[in-house]
Amino acid sequence: VFQPVPGVDSAMVTLSLKKDRALSLEEEPLFFDLIKQAFAQRRKTLTNNLTQMYPFEKQEFFDFFDSRGLPHDVRAEALKVEDFVELCRYLGQRWP
């Protein structure tokens with residue numbers, strides 16, 4: 001249709017939603033609050049960011065990190081989505 005013919009290629013991408021959800025609808029607000037707080041101050045360790053919002057001792061976060069094989073001074077960007085999902089569930093069991 002265009003003259004001269006443009007020198008670009010095109011592609012079509014199809015996205016499909018997963019039928020199984022990693023989180024329940026009740027867990028989603030906590031998950032998004034957790035993500036927001038985790039990345040609030042990027043130069044701080046994850047533990048320091050989270051202790052500002054959640055009423056836990058640092059050792060409780062360290063116990064979680066140990067169970068996932070993560071160092072105690074881990075930063076938010078080093079975690080996988082699955083780690084955040086598990087951390088959300090861990091916090092949800094201990095905090096109303």
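This is a predicted model: local features need pLDDT of at least 70, side-chain atom pairs count only at pLDDT 80 or more; totals for chains, interfaces and linings use all residues.

Entry 1, H1 against H4. I checked helix H1 (residues 28-38) against helix H4 (residues 81-94) and found them roughly perpendicular, a label that covers angles of 65 to 115 degrees, while under 35 is roughly parallel, over 145 roughly antiparallel and the rest oblique. The packing angle is about 110 degrees, and the axes are 10 Å apart. Axes here are lines fitted to C-alpha atoms, for helices over the stretch in contact, and angles run from 0 to 180 degrees between N-to-C directions. Helices themselves are DSSP runs (H or I, at least four residues), numbered from the N terminus.

The crossing of H1 and H4 is right-handed, meaning that the near helix is turned clockwise from the far one by less than a right angle. H1 brings Leu30, Phe31, Leu34, Ile35 and Ala38 to the contact, and H4 brings Phe84, Val85, Leu87, Cys88, Leu91 and Gly92; contact means heavy atoms within 4.5 Å. I sorted them by class and got 10 nonpolar, one polar and no charged residues. In that sorting, Ala, Val, Leu, Ile, Met, Phe, Trp, Tyr, Cys and Pro are nonpolar, Asp, Glu, Lys and Arg are charged, and the others, Gly among them, are polar.

Residues are numbered from 1 along each chain as its sequence is written, and side-chain values use heavy atoms, with hydrogens and water left out.

Which residues of H1 are buried? I found Leu30, Phe31, Leu34, Gln37 and Ala38, with buried meaning under 20% relative accessible area, exposed over 50% and partly exposed in between (1.4 Å probe, protein chains only). Seen down the axis of H1, these buried residues fall within an arc of 135 degrees, so they line one face of the helix; the arc is that of the directions from the helix axis to the C-beta atoms. Their cover includes H2 and H4. Phe32 and Lys36 are exposed on the other side of H1. Pro29 is also in H1, and I noted it as partly exposed, at 48% relative accessibility.

In helix H3 (residues 58-68) I found Phe61, Phe62, Phe64 and Phe65 buried. They fall within an arc of 160 degrees seen down the axis of H3, so they line one face of it. Helix H2 (46-51) and H4 are among what covers them. From H2 I picked Thr47, which is buried at 2% relative accessibility. Leaving out residues up to four places away in sequence, Thr47 touches Lys58, Phe61, Phe62, Phe65 and His72.

The axes of H3 and H4 come within 11 Å and cross at roughly 140 degrees, which makes H3 oblique to H4. What classes of residue meet in the contact of H3 with H4? I got five nonpolar, no polar and seven charged.

Most residues other than glycine have a negative phi, and most peptide bonds are trans. A cis peptide bond joins Gln3 and Pro4, with omega about -5 degrees.

Methods: Helices (H or I, at least four residues) and strands (E, at least two) are DSSP runs, numbered from the N terminus.
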